[in-house]
Amino acid sequence: MDLKELTGLVGPRWIEIEATALAHNLRAVKGLLLPTTRLMAVVKADAYGAGAVEAARIFVNAGADYLGVTTLAEGVELRRAGITAPILVMSPLLPEELPGALKADLTVTVCSRSGAEAVAAATASGYRARVHLKIETGLHRTGLHPEEAAILAGEMRDWTGVEIEGIYSHLAEASRPEAARRQFELLQKVIVALAERGIHPPLKHICNSTGILQHPEMHLDMVRAGTLLYGQFPYRAPRRNLDLREPWRFKTRILFIHEVAAGTPVGYGGDYVTKKDTRLAVIPVGYADGFALTPVGRPKNLSDLARYLVKTILAYLGRGGGEGTTVTVAGREAPVVGRVGMQLSMVDVGHLGEVKVGDEVEAVLRRPTASARLPRVYCREGRPYLVRLPGGELLPVGSPAAGKTEWAAGI
């Protein structure tokens, strides 16, 4: 499929997802585990922007044993797509959500006594409930207090229609061995307390991507991999000779080019003024798509605060050089100038020689903030085989409908 055909199908901007890279990453992570340790592929938040349905299929086909999501809607989306692998909803659900979760054969998380009782009540609909007990060990977000978990589990064992399949917790500071060890030991105490009551959940898990790399002794029966599967190493985590591949590329095409004179104010507010005669190219992407958005965190200490202030001052002076400020045209970098608009942005291409309307541009787009409305183009070794259109429809490349540009226009 050439560039013209691709644009006719999905429009002038898209995210390319390399399926072979996702599958490779899952197999690479699985290679770090014992044969008895299962791997949960976390596909929450639209598979970190990669598209949950196709990413889940790729991971399951590559050997994932379980899938992890945060919300009921995420789990139901996978079931409606025909995915039959076990799926854990890792957030507590409201009582009115539970019947739908059980009907969809989703594994649910129990974080409280009231939550457990709501699960039991939902089984009155005739569906069996498979649950994982979430234990609070240090993240202080959701979970059963360790002291009450064994007592509640002892009662739940006798509840008709409720199966305790797993027990787990979340590492709050996986990169800090002492903190991670304290959490792990708390979970282990609960596991022992359950065993003393004759309760032996077959799936025990605490490791996220950092934990997988940092704490192999904590892998237990299952690990939960997210960031690693999408080709990124967690901050401060050891690499362990793990070979990851990048599955994600954002591309767009130039819509318009014009000449501007030196001293021309560019964009909203006229914040940027050209220093010399140049050419500006317009690309169809902006902050509504997640372009040039960066997270703002609270500085953790004085050194962190100093770095934050320096970066802010440099950004104000137009010298930030941070993510979203440059794009790549024909293999060369070009700066984004002026304020990024909602759906259009401007790039200074005066130094690039011949650049024309329709040329392909590659830009950095943060995955968690990338709009779900951007088409996803799934490739194998660079060759498209499937697209997810802005409305969410999955369309195999080469199908009769793929030749109709009406799909992209929504006509």
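Leaving aside its neighbours within four places in sequence, with which residues is Tyr272 in contact? In the predicted model examined here, Tyr272 touches Thr264, Pro265, Val266, Val337, Gly338 and Asp348, once those close neighbours are set aside. Tyr272 belongs to strand β13, which covers residues 272–273. One of its contacts, Gly338, is 66 residues away in sequence, yet the C-alpha atoms of Tyr272 and Gly338 are 5.0 Å apart in space.

The overall features of the protein were considered next. The protein contains twelve helices and 21 strands. Its C-alpha trace spans about 80 × 60 × 40 Å along the principal axes. Of the 411 residues in the protein, 48% are buried. Contacts between residues at least 6 apart in sequence were also examined, and 65% of these join residues at least 24 apart.

The largest nonpolar core has 102 residues. Within this core, the residues with the most contacts are Phe59, Leu78, Leu133 and Val327. Helix α4 supplies the largest share of the core, namely seven residues. Apart from this core lies another, of nine residues, which includes Val10, Trp14, Val387 and Leu395. For Val327, the contacts beyond four places in sequence are Ile283, Phe291, Arg332, Glu333, Ala334, Val336, Val347, Val361, Glu362 and Ala363.

Helix α4 comprises residues 52–62 and is mostly covered, with eight of its eleven residues buried. These buried residues are Ala52, Val53, Glu54, Ala55, Ala56, Ile58, Phe59 and Ala62. After the helix comes Gly63, which has a positive phi, near 120°.

Helix α2, made up of residues 19–30, meets α4, and the two axes come within 9 Å of each other. The axes cross at roughly 45°. An angle of this size falls between the limit of 35 degrees for roughly parallel and the range of 65 to 115 for roughly perpendicular, and the two helices are therefore oblique to each other. The crossing of α2 past α4 is right-handed. On the α2 side, the residues that meet α4 are Ala19, Leu22, Ala23, Leu26 and Arg27.

Several loop residues were examined. Arg236 is located in the loop between β9 (222–225) and β10 (248–253). Its phi is near 70°, which is a positive value in a residue other than glycine. With a relative accessible area of 62%, Arg236 is exposed, because this value is over 50%. Arg245 is also found in the loop between β9 and β10. Arg245 is partly exposed, with a relative accessible area of 41%. Apart from residues up to four places away in sequence, Arg245 touches Ala21, His24, Asn25 and Gly231. Val110 lies 135 residues from Arg245 along the chain, and the C-alpha atoms of the two are separated by 35 Å.

Ala330 sits in another loop, between β15 (326–329) and β16 (332–337). Phi of Ala330 is positive, near 50°, again in a residue other than glycine. Ala330 counts as exposed, since its relative accessibility of 73% is over the limit of 50%.

Finally, the cysteines were considered. A disulfide is a covalent bond between the sulfur atoms of two cysteines. Where a pair of sulfur atoms must lie within 2.5 Å to be counted, the number of disulfides comes to zero. Cys207, for example, is in no disulfide, and the nearest cysteine sulfur, that of Cys111, is 19 Å away. Cys207 is buried, because its relative accessible area of 0% is under 20%. Cys379 is buried too, with a relative accessible area of 2%.

Terms used
Residues are numbered from 1 along each chain as its sequence is written. This is a predicted model: local features need pLDDT of at least 70, side-chain atom pairs count only at pLDDT 80 or more; totals for chains, interfaces and linings use all residues. Side-chain values use heavy atoms; hydrogens and water are left out. Buried means under 20% relative accessible area, exposed over 50%, partly exposed in between (1.4 Å probe, protein chains only). Helices (H or I, at least four residues) and strands (E, at least two) are DSSP runs, numbered from the N terminus. A nonpolar core is a set of buried Ala, Val, Leu, Ile, Met, Phe, Trp, Tyr and Cys residues joined through side-chain atoms within 4.5 Å. Contact means heavy atoms within 4.5 Å. Axes are lines fitted to C-alpha atoms, for helices over the stretch in contact, and angles run from 0 to 180 degrees between N-to-C directions. Angles under 35 degrees count as roughly parallel, over 145 as roughly antiparallel, 65 to 115 as roughly perpendicular and the rest as oblique. A crossing is left-handed if the near helix is turned anticlockwise from the far one by less than a right angle, and right-handed if clockwise.
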